[in-house]
Amino acid sequence: MDVQKTEIKKNKIEVGIIGGRFDKVSTILEEFEPGDRRFIHSYEKIGVAPRKLGEVGEREVKVKVPARLHPTVLDMNCFNLNRPGGGGIGISIAVYFHASVKAIQKPVIRTSGERSLIVRHFAHIFKELLGYEGGFEIELQDHKRRHVGLGSSIGSMCSVCIGMNEVLGRPFAGWELRRIMGYHSCEESPMNEGCLLPAFETGIGAMVGINGGWVVASDDLVMVHRVELPNTKVIVFIPEVKSLEDEFMGKETSAESEVELLLRRARSLDAMQAGAKAQIVLFDMLPAMIMGNLKKMGDALFDLSYLGSKRAECEQHGAFGTPIYKYINAFRGIGVEIAGMSSVGPTIFALTQKQDVYDRAMAYLDSLNVSKTRIIETEVDNTGGTVTENGVERSFINDNWLKG
């Protein structure tokens, strides 16, 4: 569809931030329409050198980006709506976003498929940053599993950003696209159909979506280390918990409830335990990654699941996290090497390289009469994002996405 200007009364949500017993301020979530220049940041703010486009002709590409699991943030006190970061761990899985992006001469933005508000806003961002006078035709298909911890929003952003960057001749390096996404992350507003809200971003979705594999990131959207996990099966399980009821009734997206969680109890717990989390990553997780020891990686992640913001995320699903922890503990008891909850959940995941363990994990879910519609059987994606042009598919792994 062509972009049309509409007048929408904007809302604001004031949320109190609690980072510690003596650290209490407020932040404002303000609705905006796609293309609002107040929500398009300067090169200086996002930490990218300015540049302009040369001549651009009509060109079309298709992009495929894997979804991400986000087992933990390292310190939620290190990011806010205008300050992406916080570090964390990410896993790329073979569940995909698909985007078709075409550069056109007419200066319009036409969108189809899904997540049109997000798509349109990022098209405006590219036009504004690059001084691009042409337009785009963009079709996006997400993975249809939204606001349950599978990165539906950042995966959508990543897909269209890669596509626009390609059809414009790759004006941005991969790490620069990551910063553009980090500083402009957004979600659809639960209050107005035509509006967006600023969102939090660690950069994990862009890192694993492009590079594939297992990633550890530090603050300020910096990637520390990445390893492949060959022949690793993945079970993704979305349990029925009370925290999903409003979502299934169509009452809200996750935007407001996530902010309440991330800016309060999660920050307070990380203020006390982020140091311990960082030590586990440095002394246990990273050495296990380097050695390729899936079991030791899982041991470190299991410890992280009970600390800081991850504990707060699990607890929001009721009974001090019992509905979530019972599955994580059961999978580990079965012999699953890595188990955890993704992002704010309630998605539970299990990773194993052993067929007998995989079979036992699936038998366990079957014994609970879990509907097959709530289970995704897949694998770790070690390739990352791909671009197809003129029938030829190529990977981004050879680009400099690994910088910073």
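Trainee: Helices and strands here are DSSP runs numbered from the N terminus, with at least four residues (H or I) for a helix and at least two (E) for a strand. On that basis, where does N231 lie?
Mentor: This is a predicted model. In it, N231 is found in the loop between β10 (223-227) and β11 (233-237).

Trainee: What is the phi of N231?
Mentor: Phi is near 55° there, a positive value in a residue other than glycine. Most residues other than glycine have a negative phi.

Trainee: Is N231 buried or exposed?
Mentor: N231 counts as exposed because its relative accessibility is 71%, and the cut-off for exposed is over 50%.

Trainee: What about F320, where does that one lie?
Mentor: F320 belongs to the loop between α10 (308-315) and α11 (322-334). Its phi is near 55°, again positive in a residue other than glycine. With a relative accessible area of 71%, F320 is exposed.

Trainee: Which peptide bond is cis at P346?
Mentor: The bond from G345 to P346 is cis, and its omega is near 5°. P346 has its place in the loop between β12 (338-341) and β13 (348-352). For context, most peptide bonds are trans.

Trainee: Changing topic to rings: how many aromatic pairs are there?
Mentor: The count comes to nine aromatic pairs. One of them joins F302 and Y306, an edge-to-face pair at 5.4 Å centre to centre with 65° between the planes.

Trainee: Are those two buried or exposed, or something in between?
Mentor: F302 counts as partly exposed at 24% relative accessibility. Y306 is partly exposed as well, with a relative accessible area of 34%.

Trainee: Why is the pair of Y306 and Y325 called stacked?
Mentor: The planes of Y306 and Y325 are at 10° and the ring centres are 4.2 Å apart, so the pair is stacked. The angle cut-off for that class is under 30 degrees.

Trainee: Which parts of the chain does that pair link?
Mentor: It links distant parts: Y306 is in the loop between α9 (294-304) and α10, while Y325 is in helix α11, 19 residues apart. Y325 is buried, with a relative accessible area of 8%.

Trainee: Which residues do ring pairs link into a cluster?
Mentor: Y43, F126 and F172 are linked in that way.

Trainee: And where does the charged end of K64 sit?
Mentor: It sits over the ring of Y96, 4.5 Å from the ring centre. Likewise, K233 has its charged end over the ring of Y358, 5.4 Å from the centre.

Trainee: On to charges, then. How many salt bridges does the structure hold?
Mentor: It holds 21 salt bridges. Side chains of opposite charge can pair when their charged atoms come close. Among the salt bridges is the one between E30 and R38, at 2.9 Å from N to O. Another joins R51 to E176, with the closest N and O atoms 2.8 Å apart.

Trainee: Which parts does the R51 to E176 pair tie together?
Mentor: R51 is in the loop between α1 (43-46) and β3, and E176 is in helix α4 (residues 174-184), so the pair ties together parts 125 residues apart in sequence. E176 counts as buried at 8% relative accessibility.

Trainee: Which residues are linked in a network of salt bridges?
Mentor: The network is made up of R59, E166, R170, E389 and R394. In the salt bridge of R394 with E389, the closest N and O atoms are 3.7 Å apart. R394 is partly exposed, having a relative accessible area of 31%, whereas E389 is buried at 15%.

Trainee: Last topic: how many cavities of 30 Å³ or more are there?
Mentor: The count is two.

Trainee: What lines the second largest cavity?
Mentor: The lining residues include V65, P66, F97, I154, C158 and G209. By class, the lining has six nonpolar, four polar and one charged residues.

Trainee: Which element gives the most to that lining?
Mentor: β3 does, with four residues. At least two lining residues come from each of β3 (59-72), α3 (152-167) and α5 (204-211).

Note on methods
Residues numbered from 1 in each chain as written. Predicted model: local features only at pLDDT ≥ 70, side-chain atom pairs only at ≥ 80, totals over all residues. Heavy atoms only, no water. 1 Å grid on protein atoms, 1.4 Å probe; cavity = no way out; pocket = protein on both sides within 12 Å on 5 of 7 lines; lining within 4 Å. Points joined across faces, edges and corners; volume = space filled by probe spheres on them. Nonpolar A, V, L, I, M, F, W, Y, C, P; charged D, E, K, R; others polar. Buried < 20%, exposed > 50% of the residue type's maximum accessible area, 1.4 Å probe, protein only. Phe/Tyr/Trp six-rings, centres within 6.5 Å; stacked < 30°, edge-to-face > 60°. Lys NZ or Arg CZ within 6 Å of the ring centre and 35° of its normal. Salt bridge = Lys/Arg side-chain N within 4 Å of Asp/Glu carboxyl O.
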